[in-house]
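Subject: Model handover

Hello,

Here is the model we talked about. My notes follow below it.

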Amino acid sequence: MNIVTPKAFISNSEAATENFASELAQSLPRGSVVTLNGNLGAGKTVFSRGFARGLGILEPVSSPTYTIIQEYCCPDGGYFFHMDLYRISDARSALNFGIDEYLNDPEAWCVIEWPERISEIIPANAIMVELTATDVNSRKITVTAKS
Ligand SMILES: Nc1ncnc2c1ncn2[C@@H]1O[C@H](COP(=O)(O)OP(=O)(O)O)[C@@H](O)[C@H]1O
Ligand SMILES: [Mg+2]
């Protein structure tokens, strides 16, 4: 997958979104940070679940809305950090709980729901994914390299 050029994909099912995310995960090295923008119900958690599947994670993946960060071990080594920052007010409060340790872990893939909460501390090399509902079961997914 070419992740340098902006890439757009139309998903017509939850499974298609999961498969797309799974392929993206397999194309990215450890240390990658992926931000997921999109409204409530756009499919950020579905995308995160597919991403985890691509890393070989078999455990159930649901949004860590209350725990903020959920950590998973990848079967081939490394970690998957799934973050939901909906309840985080700003970058300073995220830094207070040590989010930079997660964002800069060279052994981990990070996927972040509600990254706009901490936009000023998102790494410059992050991959940005935007999900937009275009119909009940359709989502437009755009992947852009931040820099
Ligand atoms: N093409 C699609 N891709 C992803 N989710 C879809 C799609 N079509 C319908 N859905 C539904 O949309 C909802 C997305 O929920 P979720 O991933 O929790 O959203 P978010 O995390 O962005 O709030 C799920 O109920 C899912 O079944
Ligand atoms: Mg979610």
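First, a term: a residue is buried if 20 or more other C-beta atoms lie within 10 Å of its own, exposed if 12 or fewer, and partly exposed in between, with C-beta atoms placed from the backbone. Helices (H or I, at least four residues) and strands (E, at least two) are DSSP runs, numbered from the N terminus.

This is a predicted model: local features need pLDDT of at least 70, side-chain atom pairs count only at pLDDT 80 or more, and totals for chains, interfaces and linings use all residues. Residues are numbered from 1 along each chain as its sequence is written, while chains are lettered from A and ligands numbered from 1 in the order in which they are written.

**Helix H2**

H2 is mostly covered, with nine of its 11 residues buried. They are Lys44, Val46, Phe47, Ser48, Arg49, Gly50, Phe51, Ala52 and Gly54. The cover over these buried residues includes H1, strand E2 (33-37), E3, strand E4 (79-84), E5 and E6. Just after H2, Gly56 has a positive phi of about 85°.

Take Ser48, which sits in H2. Ser48 counts as buried because 27 other C-beta atoms lie within 10 Å. Contact here means that two C-beta atoms, placed from the backbone, lie within 7 Å. Not counting residues up to four places away in sequence, Ser48 touches Val61, His82, Val111 and Glu113. Ser48 and Phe81 are 33 residues apart in sequence, and their C-alpha atoms are 9.9 Å apart in space.

**H1 against H2**

How far apart are the axes of H1 and H2, and at what angle do the helices pack? Helix H1 (residues 14-27) and helix H2 (residues 44-54) have axes 7 Å apart and pack at about 50°. That angle makes H1 oblique to H2. Under 35 degrees counts as roughly parallel, over 145 as roughly antiparallel, 65 to 115 as roughly perpendicular and the rest as oblique. The axes are lines fitted to C-alpha atoms, for helices over the stretch in contact, and angles run from 0 to 180 degrees between N-to-C directions.

H1 passes H2 in a right-handed crossing. On the H1 side, the contact is made by Glu14, Thr17, Glu18, Asn19, Phe20, Ala21, Ser22, Glu23, Leu24, Ala25 and Gln26. H2 brings Val46, Phe47, Arg49, Gly50, Phe51, Arg53 and Gly54. By class, this contact of H1 with H2 has seven nonpolar, six polar and five charged residues. Ala, Val, Leu, Ile, Met, Phe, Trp, Tyr, Cys and Pro count as nonpolar, Asp, Glu, Lys and Arg as charged, and the others, Gly among them, as polar. As for handedness, a crossing is right-handed if the near helix is turned clockwise from the far one by less than a right angle, and left-handed if anticlockwise.

**Ligand 1**

Which residues come nearest to ligand 1? Of the 19 around it, they are Thr17, Gly43, Lys44, Thr45 and Val46. Near means a C-beta atom, placed from the backbone, within 6 Å. H1, H2 and strand E7 (138-145) each supply at least two residues of this shell. The shell around ligand 1 divides into four nonpolar, 11 polar and four charged residues.

**Ala94 and Ile99**

Ala94 lies in helix H3 (residues 91-96). Ala94 is buried because it has 21 C-beta neighbours inside 10 Å. Beyond its neighbours within four places in sequence, Ala94 is in contact with Leu85, Ile88, Ile99 and Ile118.

Ile99 is in helix H4 (residues 99-103). With 22 C-beta neighbours inside 10 Å, Ile99 also counts as buried. Setting aside neighbours within four places in sequence, Ile99 is in contact with Ala94 and Ile118. Ile99 and Ile118 are 19 residues apart along the chain, with 9.8 Å between their C-alpha atoms.

**Two backbone points to check**

Most residues other than glycine have a negative phi. Ile68 has a positive phi, near 70°. Ile68 is in the loop between H2 and strand E3 (69-73) and counts as partly exposed, with 17 C-beta neighbours inside 10 Å. Trp114 is not a glycine either, yet its phi is positive at about 60°. Trp114 is in the loop between strand E5 (108-113) and strand E6 (127-135). Is Trp114 buried or exposed? Trp114 is buried, with 20 C-beta neighbours inside 10 Å.

Best wishes
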